[in-house]
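Let's take a walk through this one, helix by helix. Keep the viewer open and follow along.

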Amino acid sequence: MSPPSLCAATCSTPLRAAPPPLLRFRRPASSVSAARATAPSVSDDLVLRIAEQLEDSAASSPLLDPLRSASALSLLSTPWPTRRSNEAFRFTDISYLRSLPISLPTQTPGLAPPPSPDAESYILFSDGLLVSASGAHVAALADLPPGIARERAAAAVAASAGFSHRDIFYDFNAVGASDVAVVYVPEGAKMADDPVHIMFGYSSSDGASMMMSNPRVLVIAEKGAEVAIVEEHFGIGEEAGGYYWANPVVDIIVEEGARVVHSYVQRQSSAAAHTKWTTVQQNTSSTYEFVEVSTGGRLNRHNLHIQQLGPETVTELSTFHLTSQNKQIHDLHSRLILDYPGGYSRQLHKLIACGAGNGIFDGNIQVNRYAQQTDAGQQTKCLLLSPKAVVNVKPNLQIIADNVKCTHGAAISGDLDPNELFYFQARGVDVKTATDALLFSFGAQVINRITFKPVEQKALAQLKELLTLSRQNN
């Protein structure tokens, strides 16, 4: 017998009038002086101004208020990160986010549900607003009926208020998210062959401001469950090259013996900013497989945080970034924390940097004292196709346990392997065709791991198009 559905029909997020929020950033002058005495001051007023806008736009929700309140308090004492003041942003220049005033989307979504979606289960966001959620195990948090799914989702959202590795972008999302799309897979349910397609569409503002969106998703795979998640982020409208700021957060809980296959494709407009958080909690004997393909955006930063909560976990991470335009920034900051024995992990990061593009990879794997018999491997491979391209990579293992098998390595090259080129030429293939084939296969190694074929094919086609354009420009 199949598990009961969360929502039999399409669920959409209702729009509600906004009562006064729990915590106000606009405080009386007397309380301002008192607050300054107990909390560090921010470097400028930009953080508070953005927080005020987000707070005013979000409708009150008893399920979200604890998270919002915790992040609001954090923002009161969080300075805007710069390359000089914050080590995590040492190689990542986010000043682009300050180039235009911030605006927020209206309450009218600019994207309608697809008439014939590629997957039976799907979630659709338009400018951060939840337009629809359809499928047996998919619903908006506000629309979940009373029961175990609602209780588990509410508890997970409340617990995320205590996330200690948060940064300014995580807090902005928590304050500004209007609802949470929930994928709840009951114990023993198998959905790996029927993926949940999560589509995030973003539109630009009038050009005088940068529209900011804060969509949020929660995935819970209960004991022994299996689910495939496919994220797709893209610009919409006739001019998909407009200015906007996407700031999504995806929280994933993988319970004992469960398996989550997670594909994430980011193909934002060339002028967009994309700052994303993905947090994962893995329990005993669980499996998490992650594939990322990021080619869009003027500024792209992804924080990937994975916490092991039990022994015998399997974690496989594959990432491909392509900077195909001048001054484009792609940044992956990943952290895998292993606290229990018998964990297995593999991480592959690949990057092609063209023009004056900038690629950053900071991959941290912590193997703590009780994580004995851990088998962890990490590798990054980068190709620089232009003298002006820059790559900063920092693969690192922090090992305290003494009975482990851990390896890591980094390879950065300005040229393709001459032996591989010779192999093609010896078989009558000219240098240009051979170069195109090798560059395409460099990225396709990761893209081919996307299990959802419609998205995989789109990513491969875009890779071929961007490589062709970048070679013409160079």
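**How two helices cross**

Start with α3 and α5, whose crossing is left-handed; a crossing gets that name if the near helix is turned anticlockwise from the far one by less than a right angle, and is right-handed if clockwise. The residues making this contact are L67, R68, S71, A72, S74 and L75 on α3, and I168, D171, F172, A174 and V175 on α5. Contact here means heavy atoms within 4.5 Å. Sorted by class, the contact of α3 with α5 has seven nonpolar, two polar and two charged residues. For that sorting, Ala, Val, Leu, Ile, Met, Phe, Trp, Tyr, Cys and Pro are nonpolar, Asp, Glu, Lys and Arg are charged, and the others, Gly among them, are polar.

Before going on, a word on what you're looking at: this is a predicted model, in which local features need pLDDT of at least 70 and side-chain atom pairs count only at pLDDT 80 or more, while totals for chains, interfaces and linings use all residues. Residues are numbered from 1 along each chain as its sequence is written, and side-chain values use heavy atoms, with hydrogens and water left out.

Back to the pair. Helix α3 covers residues 65–76 and helix α5 residues 168–176, and they pack at an angle of about 135° with their axes 8 Å apart. The axes are lines fitted to C-alpha atoms, for helices over the stretch in contact, and the angles run from 0 to 180 degrees between N-to-C directions. α3 and α5 are therefore oblique to each other, the label left over once angles under 35 degrees are called roughly parallel, over 145 roughly antiparallel and 65 to 115 roughly perpendicular.

**Around α3 and α2**

On α3, the buried residues are D65, L67, R68, S71, A72, S74, L75 and L76. Buried means under 20% relative accessible area, exposed over 50%, and partly exposed in between (1.4 Å probe, protein chains only). Their cover includes α2, α4 (148–159), α5 and β8 (216–221). Helices (H or I, at least four residues) and strands (E, at least two) are DSSP runs, numbered from the N terminus.

Now hop to α2, residues 46–57, where L46, V47, I50, A51, E52, L54 and E55 are buried. What covers them includes α3, β1 (102–103), α5, β7 (210–213) and β10 (244–246).

P454 sits in α8, and counts as partly exposed at 31% relative accessibility. P195, in strand β6 (residues 190–202), is buried, with a relative accessible area of 11%. Leaving aside residues up to four places away in sequence, P195 touches A119, S121, A228, V230 and F452.

**Zooming out**

The protein chain holds eight helices and 22 strands. Of its 474 residues, 55% count as buried. Among contacts between residues at least 6 apart in sequence, 84% join residues at least 24 apart.
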